[in-house]
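Dear colleague,

Please find below the structure that I am handing over to you.

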Amino acid sequence: MASTALAWLVFLVAAPAPTLAIQGAAVDALYVGGEHPELWVSATAQGTRRLARFDARDLAPRGVAPVPMGALFVDACPLPGAKGDQVVLQDAAGVTDVEGDRLVLGRSLFTVPDAGALYVADLCGKAGAARGELRALVVEGVIVKGPGPARMLALSHQARAYSGRVHRGLRPERGYDAALSLYAPRLHDVDVDGDGDLDLALVHEGRLTVFRRDADALAETPVVSRDLAGAVGAGDDADLRVRLADVEGDPRVEAIVGVTRGAIPERSQAFVVGGEQRTPFATARPLWQREGLAAPLGVRGRELVVAEVDTSLVSLSGVLLTGKVPVRVRVGEGAPLSLSAKADVRAGRMDGAMPVVSVDFDGDGTADLLDLGEPARAALHLGSAGGFALDPVTVWEVPSFIHVVPMPALPGVALIGAPKGGVTKLAVLRLTTGAARRRAP
Ligand SMILES: [Ca+2]
Ligand SMILES: [Ca+2]
Ligand SMILES: [Ca+2]
């Protein structure tokens with residue numbers, strides 16, 4: 001049995017992933033689950049912004065609608081059916097639903113006093129707390145549209161830009177709407193208090209804000225508003241990776257906060273921010289402090305899935321020649337799966353993406369690993385007891401991409417390509433899609 005599988009793998013060749021080209025430069029993408037799962041891609045062509053909708057299963061077009069420039073769509077709460085909230089669009093005049101009916105007038109999800117300031121790094125330094133820093137109010141709140149009328153949950157955030165260097169995607173050459181999509185809060189449906197109802201948690205620039213949800217309603221005011229960056233002692237220059245999961249074995253989620261600095265970090269820290277039922281996220285305890293890059297990617301049960309990169313190797317000639325750095329991924333204390341990621345050593349950055357570990361491609365109940373470390377290639381390693389299979393079960397040829405959209409419910413992963421010549425490629429990776437299925441019978 002094992003030898004049959006091995007023989008099969010020897011002949012495993014990369015099959016092109018089902019790919020579609022759409023007109024325009026994509027700036028944002030979203031998976032909308034439910035009975036008829038869709039992939040939404042927002043793209044700009046010839047000065048016009050459009051929202052293209054596709055069937056997430058086979059990429060069949062479901063419609064294209066013009067949306068205002070600067071519009072941003074947010075799936076406020078991707079729960080199925082009537083419990084879920086719906087996607088809304090923000091424009092300069094307020095908020096509409098996807099059919100174009102205006103939900104909120106004159107109030108913006110994101111507001112920038114002077115959008116032009118985002119283009120001009122040289123202007124930065126005229127205001128702000130730190131030297132050379134400009135702060136602008138960017139986020140006023142998050143609009144939630146459920147079965148009832150739309151509501152705004154207050155959530156303020158100030159964007160930061162620095163003269164002379166860029167910070168978190170706020171680049172002089174990057175347009176306003178592209179910057180907006182990077183500033184959107186990450187939304188999670190998780191149980192914060194252990195009552196069995198999923199609450200709405202927003203992670204945004206190091207702050208965790210939680211709105212409780214009971215059987216049918218979402219609370220107006222947050223129960224938690226916690227500065228995670230401050231709680232773990234990370235400074236303004238740190239990059240935070242926040243995962244919400246129950247790693248302590250009660251039904252309440254904790255925040256696992258990974259802290260690194262720079263594109264190729266020399267060392268990494270991680271913390272668990274947790275607490276009692278009445279005081280959630282009140283305490284932070286260190287999880288690790290390691291040389292190199294160690295990033296929490298996700299969880300399996302109560303075990304963390306962690307990627308480790310030995311960044312001291314980056315200076316070695318071997319890495320300079322091959323342009324690859326080794327990446328090890330392990331589940332808890334299990335044996336690591338060794339992968340590699342493309343690195344541009346001279347530019348001081350990693351080009352390959354971290355693997356996706358949140359999607360169970362073959363539906364056996366264990367999430368699998370999609371290796372995206374090298375451009376133009378995606379390799380699927382099935383989840384195994386305590387780790388991941390050494391050999392990929394499928395290798396796809398994929399377009400070079402800028403967005404990775406996990407679609408756990410489908411299950412699959414969408415890759416949104418880098419715009420080229422006015423066209424953006426879109427690829428969907430699923431184990432069940434015809435030619436892509438390469439498993440031995
Ligand atoms: Ca709850
Ligand atoms: Ca817990
Ligand atoms: Ca699996």
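How many of the 6 residues of strand 14 (residues 199-204) are buried? In this strand, 5 of the 6 residues are buried, and the strand is thus described as mostly covered. A residue counts as buried if 20 or more other C-beta atoms lie within 10 Å of its own, as exposed if 12 or fewer do, and as partly exposed in between, with C-beta atoms placed from the backbone. Strands (E, at least two residues) and helices (H or I, at least four) are DSSP runs, numbered from the N terminus.

Please note that this is a predicted model, in which local features need pLDDT of at least 70 and side-chain atom pairs count only at pLDDT 80 or more, while totals for chains, interfaces and linings use all residues. Residues are numbered from 1 along each chain as its sequence is written, and chains are lettered from A and ligands numbered from 1 in the order in which they are written.

Overall, the chain has 4 helices and 34 strands. Of its 441 residues, 38% are buried. Among contacts with a separation of 6 or more, 44% are between residues 24 or more positions apart; a contact requires C-beta atoms, placed from the backbone, within 7 Å.

Strand 14 has a partner on either side in the list of strands. Strand 13 (residues 186-190) runs antiparallel to strand 14 and is joined to it by 5 bridges, with histidine 188 paired to alanine 201. Another 5 bridges join strand 14 to strand 15 (residues 207-211), again antiparallel, and here leucine 200 stands opposite phenylalanine 211. Two strands pair if DSSP finds at least two bridges between them. The hairpin of strands 14 and 15 has 2 residues between the strands, and glutamate 205 takes a positive phi near 50° in it.Turning to strand 27 (residues 368-371), Asp368 and Leu370 point one way, Leu369 and Asp371 point the other way, and all are buried. Strand 26 (residues 356-359) is joined to strand 27 by 2 bridges in an antiparallel arrangement, where valine 359 stands opposite aspartate 368. Strand 28 (residues 377-381) is also antiparallel to strand 27, with 3 bridges, and aspartate 371 stands opposite alanine 379.

Finally, the largest nonpolar core holds 88 residues, of which Val41, Val257 and Ala414 touch the most other members. Strand 22 (residues 303-309) supplies the largest share of this core, 5 residues. Such a core is a set of buried Ala, Val, Leu, Ile, Met, Phe, Trp, Tyr and Cys residues joined through C-beta atoms within 7 Å.

Yours sincerely

Methods. Contact = placed C-beta atoms within 7 Å.
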